[in-house]
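Please look over the sequence and the model, then read the sections in order.

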Amino acid sequence: MFVGVGASRVRDLFEQGKQNQPCIIFIDELDAVGRQRGAGLGGGHDEREQTLNALLVEMDGFESNEDIILMAATNRPDVLDSALLRPGRFDRQVVVDVPDLNGRLGILKVHTKKILMNKRKIDLEAIAKGTPGMVGADLENIVNEAALLAARKKKRSVDMLDFEEAKDKVMMGVQRKSVILSDDEKKTTAYHEAGHTLVAARTKGADPVHKVTIIPRGQALGVTMQLPIDEKHGYARDYIEGRLAILMGGRAAEELIFNELTTGAGNDIEQATKIARKMVCEWGMSDTLGPMTFGKKNEEIFLGREIQSHRDYSEVTARMIDEEVVKIVRKAQSKADEILKNNIDQLHNLAKALLKYETIDGDEVISLMEGKKISRSTNGSLKKKNPSTKNKKQDPAKT
């Protein structure tokens, strides 16, 4: 009953455009109708292909005196049909990238106009620095969460504490208050997160630790959160190897302190293995295999995502790739072991602080690493036991 409806709507759309010219036609989510043709499923009479064919015909049918501008948006330009992208149909492509610091600050200013803020206690620039990689929707979510938290606490305005709590909720996950850990689980989680934190603090060039918690968030029993000082677009090999060591730091701490293995390191190991395989197969960071890429990816046309990887290498090379991946991950674990053994007292200090306070921030991590004790006032702020000792100042946003 509905065969040809999509193509008919496209023709009607352009007919209306011709009647109302000069005009702009805007198509959002272009990949919904403009995916690549020729999958071999459904042939040329597939409903989606009919819609795309009608679109292509209409886009080619303009005369020179017709004042119609066609604009479209998509998040998946890689799956669009090549006929759509050629000059004469879409002449110009504008890439809208993830916003930088100034972009995030501008987006926050827009979204905070509609909420009542305590402007003396809110630093939007610090929030923008602490949210690298976030897009407009994420920042809007943080602003909405902060407003909801302030309303729940019956505050008259939103302050910085609400924004920090909202940022943690969006970036680290929602607190699972229903999950009650036993003392043994809590201790294991504390040493696991302390292992990540200590290796991150002692790894040269690693991103600074922003916050560590053993309160279950999302799917994790604990979270160690790092934020970069500067936004990176390319990563050096040393940085990636340091990242692998940090991922293995939790498992290394469990083995060192309890001499046993738990399932808590499952996600860390999965991430480390994925990064190590990319180092070998995609980034050419293997000394044995050299600057080569292995495995040609095939994109499934209807789904528009990778479903398999074509093997363009022999069984001997496959064995070498597996050996290299294992070697890289084991090297990272050895590096984490060495750091933890050389700083065992600091590991105990971090774990004890986590067991006592459940959440510690970057300034407190630095104090503990320097051997200082920390205590908190009733409002949760950090007090220094030794005021005469000058502490190294650090950016409050931990960015």
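## Nonpolar cores

A nonpolar core is a set of buried Ala, Val, Leu, Ile, Met, Phe, Trp, Tyr and Cys residues joined through side-chain atoms within 4.5 Å. In this predicted model, the largest such core has 28 residues. Val199, Leu340, Leu347, Leu350, Leu354, Ile360 and Val365 have the most contacts inside it. At least two residues of this core come from each of α8 (183-202), β3 (209-213), α9 (237-258), α11, α12 (344-357) and α13 (362-369). In soluble globular proteins, nonpolar side chains tend to be buried together.

Leu347 shows what surrounds one of these residues. Leaving aside residues up to four places away in sequence, Leu347 touches Tyr191, Ala194, Gly195, Leu198, Ala253, Leu256, Ile257 and Leu340.

## The chain overall

The protein contains 13 helices and nine strands. Of its 399 residues, 41% are buried. Among contacts with a separation of 6 or more, 69% are between residues 24 or more positions apart.

## Helices α10 and α11

Two packed helices are described by the angle between their axes and the distance between the axes. For helix α10 (residues 266-281) and helix α11 (residues 315-342), the angle is about 125 degrees and the axes are 9 Å apart. This angle makes α10 oblique to α11. The crossing of α10 past α11 is right-handed.

On the α10 side, the contact is made by Ala272, Thr273, Ala276, Arg277, Met279, Val280 and Cys281. On the α11 side, Ile321, Asp322, Glu324, Val325, Ile328 and Val329 take part. By type, the residues of this contact are nine nonpolar, one polar and three charged.

## A buried loop residue

Is Ile122 buried or exposed? Ile122 has a relative accessible area of 13%, so it is buried, the cut-off being under 20%. Ile122 lies in the loop between α4 (101-111) and α5 (124-129).

Residues up to four places away in sequence aside, Ile122 touches Met117, Ile127, Val158, Asp159, Met160 and Phe163. One of these, Met160, is 38 residues from Ile122 in sequence. In space, the C-alpha atoms of Ile122 and Met160 are 5.0 Å apart.

## Backbone exceptions

Most residues other than glycine have a negative phi, and most peptide bonds are trans. Where in this chain is a peptide bond cis? The bond from Gln21 to Pro22 is cis, with omega near 0 degrees. Pro22 is in the loop between α1 (5-19) and β1 (23-27).

Glu29 is not a glycine, yet its phi is positive, at about 50 degrees. Glu29 sits in the loop between β1 and α2 (47-60). With a relative accessibility of 40%, Glu29 counts as partly exposed. Glu358, also not a glycine, has a positive phi of about 70 degrees. The loop that holds Glu358 runs between α12 and β7 (359-361).

How values were computed:
Residues numbered from 1 in each chain as written. Predicted model: local features only at pLDDT ≥ 70, side-chain atom pairs only at ≥ 80, totals over all residues. Heavy atoms only, no water. Axes fitted to C-alpha atoms, helices over the stretch in contact; angles between N-to-C directions. Helix = DSSP H or I, 4+ residues; strand = E, 2+ residues; numbered from the N terminus. Parallel < 35°, antiparallel > 145°, perpendicular 65-115°, else oblique. Left-handed = near helix turned anticlockwise from the far one by under 90°. Contact = heavy atoms within 4.5 Å. Nonpolar A, V, L, I, M, F, W, Y, C, P; charged D, E, K, R; others polar. Buried < 20%, exposed > 50% of the residue type's maximum accessible area, 1.4 Å probe, protein only.
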